[in-house]
Amino acid sequence: MPRIRSVFTPMGWLVLIFSLLILFRSLYYRNAYEIVLTCVMVLFLLVLGIVGAWKSKKLKSMEPGWKTPSPFTACAGEDTLVSGLSANIPLFFRLHFIVRGKFLPSGSNAGSSTSFKKGCSVSIETSVSRGNESANLPIDFPMSGIFHGDGFCKLRDIFGFYSFACGAPQHRTVNVRCSPCIGKKTPINAQTGAEDQRNKPSSDVERYYQREYTPGDRLRDINWKSSDKIDTLITRISTDNQEKVSRLEVHFRNYASVSTVLKISRENVKVEAGNFTLESLWLLDRAKARLSYFLRSLMEQNSSFVFDVRSPSGSWEIEDMDDLDAFFEELAGISFLSPQYETAIQAGKGDMYVFSTACDFGLKSFIQACSPRPVTLFIVQPEEQNKQRNKTETEAEFLSLTDFDAMGATLDAKWLTQKKLKPLGVQAAKTEMFYAGLKI
């Protein structure tokens, strides 16, 4: 059975009921002044409702579109463009565009069938000025995740009595990338990665026969005569049409142990959507930011790097900026997984770079199993109150709960009632600590 929606707003219902009560009272006491006053009020409401209903029916075929920025990054402050709003609006009415949906912070296990119900409820609205065909909608999120939203129009009077639905709703699913972090670049020696050889097409022999020197090239391959002429080191590429590149093995451990979630199904230990604390999701978001900064800075530093990124959610081979951009889009929706998805470590060569959080209780055994390979660990720890920091450590990054209020989001109370996480005591050959916390 279709749901009947009232066109009256709460204010409209209040004014209508009050007017009818005064009208009945005035008729009972035969107060001519009150009868005239209330009749004018009821007549005004009736005319306003008829005009609104007639115009909203005319606007049923309108198809407003809303386009989010691409890529959509958290805390970017970029507005969403709403178009297709060209219509003649009656006097005393305004067209409103509303976006409502669910936001899943850090993915929140977006693949779960119940994830959509357990996300943050979001409601954002903007009013369209008369005569304008487009408007800007301030949609912004404080952290990475996935947003499922419906955009639709409402025809409302300026007095706040009526709200008529008009136009076809437009659904969008948007990946929200993590806000960038500030950090120092990690110096990487190209020779610490595993060497790989790539065949070049025969038509590219001339193109790849000589190129500018990059760290890791052998000294015997340098063309000293050509280098001396242009004052730049030039490397010769062997005529067998192959070029050596350095592969860097990167592990993103988005594991959450039992103690970091709210409940685990007895039949299946898979972590369900909505079972995370907001603090743990914020740590995961900052781990994504550190991984993104690491990959982008190294790709800009040396384009010959090839990244072999592995996580329980999948694996990616990143060779260029296009691959990197596609990976960032997928990274936005990656959430925690149970340690049961951890697989055996495959043998490899060169250094390993591991990104994780304090929620990963299996991290210590993983690093021990990687021995004797050198491991560089980037770990995001929960912020401790009154912590005495070393000068070499970075400042903590905080997530404020007021940021969710600004976007009209309603947080699940269970996300805020859990006990605070404790830092994870783990060390690797080289360890960089980062800190994140909540501001309530």
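What follows is a chat about a predicted model of a protein.

Visitor: How many helices and strands are there in the protein?
Guide: Eight helices and 19 strands. Keep in mind that this is a predicted model.

Visitor: And how much of it counts as buried?
Guide: Of the 440 residues, 47% count as buried. The accessible surface comes to about 23,800 Å², and 54% of that belongs to carbon and sulfur atoms.

Visitor: What share of the contacts join residues at least 24 apart?
Guide: 75%, taken among contacts between residues at least 6 apart in sequence.

Visitor: OK, sheets. What's the strand order in the open sheet of six?
Guide: The order is S2-S8-S7-S4-S5-S18, with mixed pairing. The edges are strand S2 (72–73) and strand S18 (409–410); each has a single partner strand, so one side of each is left without a neighbour in the sheet.

Visitor: How does S2 run against S8?
Guide: Parallel, with two bridges between S2 and strand S8, residues 163–177. Phe72 has Val176 in S8 as its bridge partner.

Visitor: And in which sense do S7 and S8 pair?
Guide: Antiparallel, over eleven bridges. Phe147 stands opposite Val174 in S8. The hairpin of S7 and S8 has five residues between the strands, and Gly160 there takes a positive phi near 85°.

Visitor: How many bridges between S4 and S7?
Guide: 13, and that pairing is antiparallel too; S4 covers residues 93–105. One of the bridge pairs is Ile98 with Phe152 in S7.

Visitor: I was looking at Arg156. Where does it lie?
Guide: Arg156 is in strand S7, which spans residues 145–157.

Visitor: What does its side chain make polar contacts with?
Guide: One partner is the side chain of Glu125, at 2.4 Å. Another is the side chain of Ser163, at 3.0 Å.

Visitor: Which residues is Arg156 in contact with, beyond its sequence neighbours?
Guide: Leaving out neighbours within four places in sequence, Arg156 contacts Phe92, Phe93, Arg94, His96, Ile98, Glu125, Tyr162 and Ser163. Ile98 is the residue whose bridge partner in S7 is Phe152.

Visitor: Switching to the nonpolar core. Which members of the largest one touch the most others?
Guide: Leu95, Phe103, Leu295 and Phe307, out of 91 residues in that core. Helix H5, residues 278–301, gives the most to this core, with eleven residues.

Visitor: What's Phe307 in contact with?
Guide: Apart from neighbours within four places in sequence, Phe307 contacts Leu248, Val250, Leu295, Leu298, Met299, Trp316, Glu317 and Ile318.

Visitor: Now helices. Which residues in H6 are buried?
Guide: In H6, residues 321–331, the buried ones include Leu324, Phe327, Phe328 and Leu331. Seen down the axis, the buried residues of H6 fall within an arc of 100°, so they line one face of the helix.

Visitor: Why would spacing like that put residues on one face?
Guide: An α-helix has 3.6 residues a turn, so residues three or four places apart point the same way.

Visitor: What caps the N-terminal end of H6?
Guide: Asp320 does: one of its side-chain oxygens lies 3.2 Å from the backbone nitrogen of Asp322.

Visitor: And H7, which residues are buried there?
Guide: Leu363, Phe366, Ile367 and Cys370 are buried in H7, residues 363–370. They cover an arc of only 95° around the axis, which puts them on the same side of H7. Gln368 and Ala369, on the other side of H7, are exposed.

Visitor: Let's go toward the end of the chain. How does S16 pair with S19?
Guide: In parallel, over seven bridges, with S16 at residues 375–382 and S19 at 430–439. Leu377 has Thr431 in S19 as its bridge partner.

Visitor: What about S17 and S19, how many bridges?
Guide: Four, and they run parallel; S17 is residues 397–400. In S19, Gly437 is the bridge partner of Phe398.

Visitor: What's it in contact with?
Guide: Setting aside neighbours within four places in sequence, Leu399 contacts Pro142, Met143, Leu278, Trp282, Phe404, Gly437, Leu438 and Lys439.

Visitor: And what separates the C-alpha atoms of Leu399 and Ile440?
Guide: 8.6 Å, with the two residues 41 apart along the chain.

How values were computed
Residues numbered from 1 in each chain as written. Predicted model: local features only at pLDDT ≥ 70, side-chain atom pairs only at ≥ 80, totals over all residues. Heavy atoms only, no water. Core = buried A, V, L, I, M, F, W, Y, C linked by side-chain atoms within 4.5 Å. Buried < 20%, exposed > 50% of the residue type's maximum accessible area, 1.4 Å probe, protein only. Contact = heavy atoms within 4.5 Å. Arc of directions from axis to C-beta. Areas by Shrake-Rupley, 256 points an atom, 1.4 Å probe, with all protein chains shown as cover. Polar contact = N/O pair within 3.5 Å; in protein donor to acceptor, adjacent residues only side chain to side chain. Pairing = 2+ DSSP bridges.
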